[in-house]
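Please look over the sequence and the three-dimensional structure shown here before reading on. The briefing that follows goes through the structure topic by topic.

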Amino acid sequence: MHHNVRYNCRVLFLNRKILLIRPKMLMANHGNYREMRWFSPWNQLRKVEEYFLPRMIQEVTGQDTVPFGDCVLSTKDTCIGTEICAELWNPRSPHIQMGLDGVEIFTNSSASHHELRKADQRVNLVKSATTKTGGIYLYANQRGCDGDRLYYDGCAMVAINGDIVAQGAQFSLNDVEVITATLDLEDVRSYRGEMCQPHVESEHKPCHRVKVDFSLSSGDDIYLPTHQPITWHFHTPEEEISLGPACWLWDYLRRSGQAGFLLPLSGGVDSSSTACIVYSMCVLVCQAIEDSNSQVLKDVRWLVGDESYRPQHPKELCGRIFTTCYMASENSSVDTCNRAKDLANQISSTHMNINIDMAVKGILGIFSLVTGKMPQFRTNGGSHRENLALQNVQARVRMVLAYLFAQLSLWARGKPGGLLVLGSANVDESLTGYFTKYDCSSADINPIGGISKTDLKSFLLYCVEQFQLTALRGILAAPPTAELEPLTDGQVSQTDEADMGMTYSELSVIGRLRKISKCGPFSMFCKLIHMWKDALSPTEVAEKVKRFFRMYSVNRHKMTTVTPSYHAESYSPDDNRFDLRPFLYNTRWTWQFRCIDNQVSQMATNTTPKQ
């Protein structure tokens, strides 16, 4: 608090003294961030005031006041400025003016979250910051789960004059990582002598400099070799899915006080992806222990309740902390049961087969006793309402049983603790609402809720090679299905893409247009008739757009109760803080759909050959 206003600040110390307090000037107030809910930006460019330290701080530092505001440090040999997190991403980044005013070293303490295919943006921004005006950029980023949906993925780096010279790990179970580089300030000065011209602004405001009796260099530094440019190693999206959510799960598990995870494993792509991420987590944990990470070993021993335990293999650890269960009904096929069992065997999870028919019949018996009616599936002559209700009963029974076994399965085995229930609805299903409210999508956390079906399939192919999980080949070859309707001659008669009326690949495109391009029905139609012109006619595009927005608006209410998911995708429909929209819509979209119909008619008229 400064003058009764709350600022987000960075405090710079040296030898038990506070050198300056730098308040953040440009706030992160979009997407996952609502910084202005808590803080005010410092809008006074180049202004510095006195800040009176609290008494408890005065007793430690021996100072009464310190500089507070937009200022930089001037040491005996250089000048150091600072940016805070989102200021690097802003078109008015402070490093531009600081660089023109002679600041040679920029530092950034950041909390930048992981998103698939985002790392190169971060690297390019740092490179660009030092390419334009020269200089050294020290970028430090938070690492770990924030207790919410985000995972901060490190990527610390050092850059000089547009080149990266040191790179930190993007994904790691280490709580702290320090990277260093030896650089020559004369290289910055030579670069700027060529690139930067004197100020020509009529009212240039120089940075306020706080003088520091300290030097970053010494007379014998000439004998130190400087770091040379490196090529940044970027992970593939498949590697990112394997590592990011796995680190997030580990951080969540060790902080939750639970003893492991339980996953309803259906034998499909989504639940199998969740299982593979848990197995990847076990691989990372074992690797960290092998690399002498004592904190990870301590956390593992606490989880399993054995102070002498040391995992020898990821499969062994997986068997201790991961339980999977296949919840069969009369509508389940033998194929999906076998696929789930085979994958569980290959990752060595503790696996159970549970039949839910008794519970489903009991619930329907209660309904029949009260109403005198028994609903029927569509294949047996039932209405759409009956058919949907019978599917939902099965799905919701699975959720109830998942939580029962999560609470008591370890108790039944004579072991302490409970299990966190994992969900496995992907981002495209959340977008359309293609899941049952309070079914197995309702869990404690969901590592794949921000990942598209297309990316998950690629991830499973990666796992086949990376972890030798050959059971995934059969899972990938099978059509996606919920298996909630009666089988036809023992075979699945219901598929996800047929139910939705569009493919998962099409959904990914629609999702990006809705969120990133901010498209409504008509503007989306106008874009898709060009994007899909080689595959679909304008009429077919119109039907898909209308179908999507009907599904989206009818089911948007489900996002208010959706399981907290790992944020991995820029078109996530997460209602909690990333995608704040209404959950009650006019599902007829009267004006928008009429515009689409008029456009289709006009296009048909224009393409009709003249007689």
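Predicted model: local features only at pLDDT ≥ 70, side-chain atom pairs only at ≥ 80, totals over all residues.

Among the contacts between residues at least 6 apart in sequence, 72% join residues that are at least 24 apart.

**Two loop residues with a positive phi**

- Most residues other than glycine have a negative phi.
- Cys 155, although it is not a glycine, has a positive phi of about 65°, and its place is in the loop between strand 10 (residues 151-153) and strand 11.
- Arg 16 is likewise not a glycine and has a positive phi of about 70°, and it lies in the loop between strand 1 and strand 2 (residues 17-23).

**Ile 21 in strand 2**

- Ile 21 lies in strand 2, and because its relative accessible area is 7%, which is under the 20% cut-off, it counts as buried.
- Leaving aside neighbours within four places in sequence, Ile 21 is in contact with Cys 9, Arg 10, Val 11, Tyr 51, Val 66, Pro 67, Phe 68 and Gly 69.

**The nonpolar cores**

- The largest nonpolar core has 63 residues, and those with the most contacts inside it are Phe 261 and Met 281.
- Which helix gives the most residues to this core? It is helix 6 (residues 269-290), which contributes 12 residues.
- Phe 261, when residues up to four places away in sequence are not counted, touches Leu 249, Leu 253, Val 278, Met 281, Ile 321, Phe 322, Thr 323, Leu 419, Leu 420, Leu 422 and Ile 445.

**Helix 16 and its surroundings**

- Helix 16 (residues 504-515) has 12 residues and reaches 16 Å from its first C-alpha to its last, which is close to the 16 Å expected at 1.5 Å a residue.
- Why can helix 16 be called largely enclosed by the rest of the structure? The reason is that 9 of its 12 residues are buried, and these are Tyr 504, Glu 506, Leu 507, Ser 508, Ile 510, Gly 511, Leu 513, Arg 514 and Lys 515.
- These buried residues of helix 16 pack against helix 12 (427-432), helix 13 (453-466), helix 15 (496-500), helix 17 (521-531) and helix 18 (538-555).
- Asp 496 is found in helix 15, and because its relative accessibility is 6%, it counts as buried.
- Asp 496 and Glu 429 are 67 residues apart in sequence, while in space they are 9.5 Å apart, C-alpha to C-alpha.

**Cavities and a pocket**

- How many cavities of 30 Å³ or more are there? The count comes to 3, and about 110 Å³ of space lies in the largest cavity.
- The largest cavity is lined by 15 residues, of which Gly 449, Thr 563, Ser 565, Ser 572 and Asp 574 are the closest to its centre.
- By class, the residues lining the largest cavity divide into 5 nonpolar, 8 polar and 2 charged.
- The second largest pocket holds about 1,300 Å³ of space, and it is lined by 47 residues, of which Ile 105, Ile 136, Leu 138, Ala 181 and Leu 216 lie nearest its centre.
- The elements that give two or more residues to the lining of the second largest pocket are strand 1 (9-14), strand 7 (105-110), strand 8 (136-141), strand 11 (157-160) and helix 4 (185-195).
- The lining of the second largest pocket has 28 nonpolar, 10 polar and 9 charged residues.

How values were computed:
Residues numbered from 1 in each chain as written. Heavy atoms only, no water. 1 Å grid on protein atoms, 1.4 Å probe; cavity = no way out; pocket = protein on both sides within 12 Å on 5 of 7 lines; lining within 4 Å. Points joined across faces, edges and corners; volume = space filled by probe spheres on them. Nonpolar A, V, L, I, M, F, W, Y, C, P; charged D, E, K, R; others polar. Core = buried A, V, L, I, M, F, W, Y, C linked by side-chain atoms within 4.5 Å. Buried < 20%, exposed > 50% of the residue type's maximum accessible area, 1.4 Å probe, protein only. Helix = DSSP H or I, 4+ residues; strand = E, 2+ residues; numbered from the N terminus. Contact = heavy atoms within 4.5 Å. Expected span 1.5 Å × (residues − 1).
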